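Dear colleague,

Please find below the sequence and structure that I am handing over to you.

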Amino acid sequence: MSKDTRAGHTAGRESGGAPEVGRRTIIQGLAVSGCLAASGLLGSSPAGAQSTRPQPGHHFVFMTGDKEGQPVAPDDVKIGEPPLLAYPMDPATKTVLISRASLLLLMRLKEADLDPSTKPHSADGIVAYSGICTHEGCPISGHHENQRMAVCNCHGSTFDLGNNGAVAHGPAVRRLAMLPVTITDGALVVAGKLDGPIGPPAA
Ligand code: FES
């Protein structure tokens, strides 16, 4: 089923998001912890804090790997590859938003795998969704032999990214929130807002 694991740590249930932090802080945190859950940045937002969710106009940066913290170009997202985990970045201030509310997954699907309801929110086959599993909150990093599917390696929940992130196999019961994207001046850009709740339902 699953072909790859880039992360597999339970992030807990949705509670909102963490405060925005600067890029340097983010990268240092990830380098030390090596995982999202251990970064200590998954708590709730203080009253009055700016939204940590991706906003229209944001770009994407790699969450991990050799290009950690670097911008994600459209060509970095290839058909047949596992989900690419990324965070949104304000291109004006270079601030990267790191929280469970802002963790995103990117995949490029074949044209034929994009349902009519999903295609308008994609860009050259690239789709973006919340990267947090709606079962128990693991980052979603596994691939499926069916290339339109992404798999959570914690318990095997499978999501159809060609159909609005619908649950194809449980135990998750809630679809992934989708994030519209576009390509502007060669950059992959957020074109809207996440269209639903993130992570597991509150207990
Ligand atoms: S946390 Fe994803 S399947 Fe359980």
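The notes below describe the strands, their pairing and a few backbone features.

This is a predicted model, in which local features need pLDDT of at least 70 and side-chain atom pairs count only at pLDDT 80 or more, while totals for chains, interfaces and linings use all residues. Residues are numbered from 1 along each chain as its sequence is written.

Strands (E, at least two residues) are DSSP runs, numbered from the N terminus. Two strands pair if DSSP finds at least two bridges between them. A residue is buried if 20 or more other C-beta atoms lie within 10 Å of its own, exposed if 12 or fewer, and partly exposed in between, with C-beta atoms placed from the backbone. As background, strands of a sheet pair through backbone hydrogen bonds, either parallel or antiparallel.

I begin with strand 2, which covers residues 84–90. Six of its seven residues are buried, and strand 2 is thus mostly covered. Strand 1 (residues 59–62) runs antiparallel to strand 2, and four bridges join them; Phe-60 has Pro-88 in strand 2 as its bridge partner. Strand 3 (residues 95–96) is also antiparallel to strand 2, through two bridges, and here Asp-90 stands opposite Thr-95. Strands 2 and 3 form a hairpin with four residues between the strands, where Lys-94 takes a positive phi near 65°.

Strand 2 pairs with strand 4 as well, in the antiparallel sense over three bridges. Ala-86 stands opposite Leu-104 of strand 4, and the bridge partner of Leu-84 is Leu-106. Strand 4 in turn pairs with strand 5 in the antiparallel sense, over five bridges, with Met-107 opposite Val-127.

How many of the five residues of strand 4 are buried? Five of the five are, so strand 4 is largely enclosed by the rest of the structure. Leu-104, Leu-106 and Arg-108 point one way, whereas Leu-105 and Met-107 point the other way.

Four strands form an open sheet in the order 6-7-8-9, with antiparallel pairing. Strand 6 (142–143) and strand 9 (166–169) stand at its edges; each has a single partner strand, so one side of each is left without a neighbour in the sheet. Strand 6 pairs with strand 7 (residues 149–151) over two bridges, and His-143 stands opposite Ala-150 in strand 7.

Backbone features in the loops

Most residues other than glycine have a negative phi, and most peptide bonds are trans.

Asp-124, which is not a glycine, has a positive phi of about 55°. Asp-124 is found in the loop between strand 4 (104–108) and strand 5 (126–130), and with 13 other C-beta atoms within 10 Å it is partly exposed.

Asn-164 has a positive phi near 60° and lies in the loop between strand 8 (158–160) and strand 9. Is Asn-164 buried or partly exposed? Asn-164 counts as partly exposed, with 19 C-beta neighbours inside 10 Å.

Finally, Gly-170 and Pro-171 are joined by a cis peptide bond, with omega about 20°. Pro-171 is found in the loop between strand 9 and strand 10 (178–179).

Yours sincerely,
A colleague
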